[in-house]
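Subject: Handing over a structure

Hi,

Please have a look at it first, and then read on for what I found.

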Amino acid sequence: MTAVIEFHGVTRRDGDVVRLDALDLTVCEGEVLALLGHNGAGKTTTMKLILGLLSPSEGSISVLGGAPDGAHAETLRRRLGYLPENVSFYEPLSGREVLEFFARLKRVDRRQVDELLEQVGLGAAAKRRVKTYSKGMRQRLGLAQALLGEPRLLLLDEPTTGLDPAATRDFYDTVRRLRERGCTVLLSSHVLPGVEPYIDRALILGGGRRLALGSLETLRAEAALPTTIRARGRLEGADWQRLWSESRIQARPLNGHEVALSVPADAKLAVLRHLTAHPGVEDVELLPPTLEHLYTHFSAGLAPHERGDAQ
Amino acid sequence: MNAILTLAGKEFRDGMRNRWVLAITLVLALLAVGIAWFGAAASGGLGFTSLATTLVSLATLAVFLIPLIALLLAYDAVVGEQESGTLLLLLTYPVSRTALLLGKFLGHGLILGSATALGFGIAGVVIALGAEGVALGELAAGMGLLIVSSVLLGWVFIAFAYLISVWVSEKARAAGLALVVWFLFVLVFDLGLLALLVSVKQGGDWLPWLLLLNPTELFRLINLAGFEAARSYTGLTSIAVGGAFRPAVLLPLLAAWCLVPLGLALLRFRHRSA
């Protein structure tokens, strides 16, 4: 696995404000990495550093084999795609004209323009002016723009804002196809349940610092969050809390015929065995901690001013 | 180079689409024809009077209008793209910042240039066809000089608009500053110079040289200094009739005036954080 992005102790300061604090990060080819964090956590700063729009105050960055803010930028920029968070394209132009403009700037074959418009589902609206586009259509146009020239690295800042569920699914299908071709994808998102199935690893940032980095399994192991087990059936009368000798297992009856158990990972099987042996239990549901739980867990240690909209 | 042409082409197409080119052409053509026809209205006459009067009136009109149009056309060139988020995107494309600004300048310059040439050109043709006893050679030369100097003047103020646009971070502020620049160069400078002229009792040989500090004065000198008839209209420029103040010297000076703000804008843009 070749490293596409390498951060070594990267710090970025704007005056007295530390935007990013000694970040170490390696992203390999064909990986999908999610950047998660509150507003002002350093997500956009990280992207701008990768794009070479900002230079690090300390430390070094290498993207596709060179520093993105130096002479390497010219070659680098032809091989990466970027979708900024808030972008409104030239409204008097049509969707196709906008894309043709960007294709020419990137020196990409213009036949790709129509293909990409089809691919993001704007084929029918290609001749309409961007002014008449909905938020979702603009977002898809932005995505088409980022995909120009078959980039090796894709940076997507909040790519699914404004997309309906079907379009979101289409979007992640596109991401998966790109990844199969060996494209590396970095995406930041607030919509945590949406990204979970599609990412390889997540980087959780808070107050400019790296709070956690790893695959969902790694993060789960690191956080050691309890799994929730829900049991349903004829459960009246049983004192669930007293059934477990361990205090680590928390039982919470939801109603007369349902109970939620909070169970540490290593006790999971023991509890399951116990439940299956119980005559009243009809159904058991296993709910491992989601990305959202992990995110809450890892950002819990932050001071309030770091967690809020500190800009 | 390709990137510059791409950017210029897009800017020009924007100008065509949101009717900038059409509007500027029409305004200039209508006003120019109007001035040519009603130029004698003050003295009770109607119809075309003399070429000199017409050209002087046209130049006086252009000196107010062209800078205003140029500033309005281009004040949001950079800050507007920044507000809509496309600037950030453009900076991640394989295009240098210098090329970005030069491409836009070329596009805006083409919009203003073609509209001015067309507008005044139409007026010139109308005068040639409609007025009696006009020496066509003189008309062509006078109109040609007016068009060339107007276009240069427009480019100077586009460059000023860019300098404003790369300096501020809000569109509204850029618009305000553009009006201030127009006010200073077109109105205040003149008044200040006039006051100075009146207050300096003797030895004011250096005063005419102050005219070179303002591109609109250069424009006036180019178009007015050649005409006897212009003396009574202009007052100020009459102090500057000397060997150095010929169009052949003044035109390059006006062109140089456009490079100064453009160069500063480029410097600023390259060191501006994204």
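Arg107(A) sits in the loop between α3 (95–105) and α4 (111–119) of chain A; helices (H or I, at least four residues) and strands (E, at least two) are DSSP runs, numbered from the N terminus.

A few words on conventions: this is a predicted model, in which local features need pLDDT of at least 70 and side-chain atom pairs count only at pLDDT 80 or more, while totals for chains, interfaces and linings use all residues. Residues are numbered from 1 along each chain as its sequence is written, chains are lettered from A and ligands numbered from 1 in the order in which they are written, and side-chain values use heavy atoms, with hydrogens and water left out.

Ala224(A) also has a positive phi, near 50°, and is not a glycine. This residue belongs to the loop between α8 (216–223) and β10 (227–233) of chain A, and it is exposed, with a relative accessible area of 61%.

**The sheets of chain A**

In one open sheet, 6 strands follow the order β5-β6-β7-β3-β8-β9 (chain A), and the pairing is mixed. Two strands pair if DSSP finds at least two bridges between them. At the edges are β5 (80–83) and β9 (209–214) of chain A, each pairing on one side only. From one strand to the next, the twist averages 15°. Strand β8 (residues 201–206) of chain A runs antiparallel to β9(A), and 5 bridges join them. Within this pair, Leu203(A) has Leu213(A) in β9(A) as its bridge partner.

Which strands does helix α6 of chain A touch? Helix α6 (residues 165–180) packs on the sheet against β3 (32–37), β6 (153–157) and β7 (184–188) of chain A, and its direction makes about 160° with that of β6(A). Contact means heavy atoms within 4.5 Å; axes are lines fitted to C-alpha atoms, for helices over the stretch in contact, and angles run from 0 to 180 degrees between N-to-C directions. Helix α8(A) packs on the sheet too, touching β8 and β9 of chain A, at about 115° to the direction of β9(A).

Another open sheet has 4 strands in the order β11-β12-β10-β13 (chain A), with antiparallel pairing. Its edge strands are β11 and β13 (281–287) of chain A, each of which pairs on one side only. Helix α10 (residues 268–277) of chain A packs on this sheet, where it touches β10, β12 and β13 of chain A; its direction makes about 0° with that of β10(A).

Strands β11 (residues 250–255) and β12 (residues 258–263) of chain A are antiparallel partners over 5 bridges, and they form a hairpin with 2 residues between them. Here Ala251(A) has Leu261(A) in β12(A) as its bridge partner. On the β10(A) side, 6 bridges join β10(A) to β12(A), again antiparallel, and Leu261(A) is the partner of Ile229(A).

**The cores**

A nonpolar core is a set of buried Ala, Val, Leu, Ile, Met, Phe, Trp, Tyr and Cys residues joined through side-chain atoms within 4.5 Å. The largest has 174 residues, and those touching the most other members include Ile5(A), Phe102(A), Leu156(A) and Phe157(B). Helix α7 (residues 136–167) of chain B gives the most to this core, with 17 residues. A second, separate core of 13 residues includes Ile229(A), Leu235(A), Val259(A) and Val281(A).

**Cysteines**

How many disulfides does the structure hold? Over all chains there are 0, a disulfide being a pair of cysteine sulfur atoms within 2.5 Å. For Cys28(A), the closest cysteine sulfur is 14 Å away, in Cys183(A), so it is too far for a bond. Cys258(B) counts as buried, at 7% relative accessibility.

**Chain B**

The unreviewed UniProt entry places the feature "transmembrane region" at several spans of chain B, among them 52–75 and 174–197; UniProt positions are given in the numbering used here, feature names are shortened, and annotations may be inferred rather than shown by experiment. In the model, residues 52–75 of chain B are 96% helix and 0% strand, with end C-alpha atoms 34 Å apart. Residues 174–197 of chain B are 100% helix and 0% strand, and their end C-alpha atoms lie 33 Å apart.

Best wishes

Definitions and conventions:
Buried means under 20% relative accessible area, exposed over 50%, partly exposed in between (1.4 Å probe, protein chains only).
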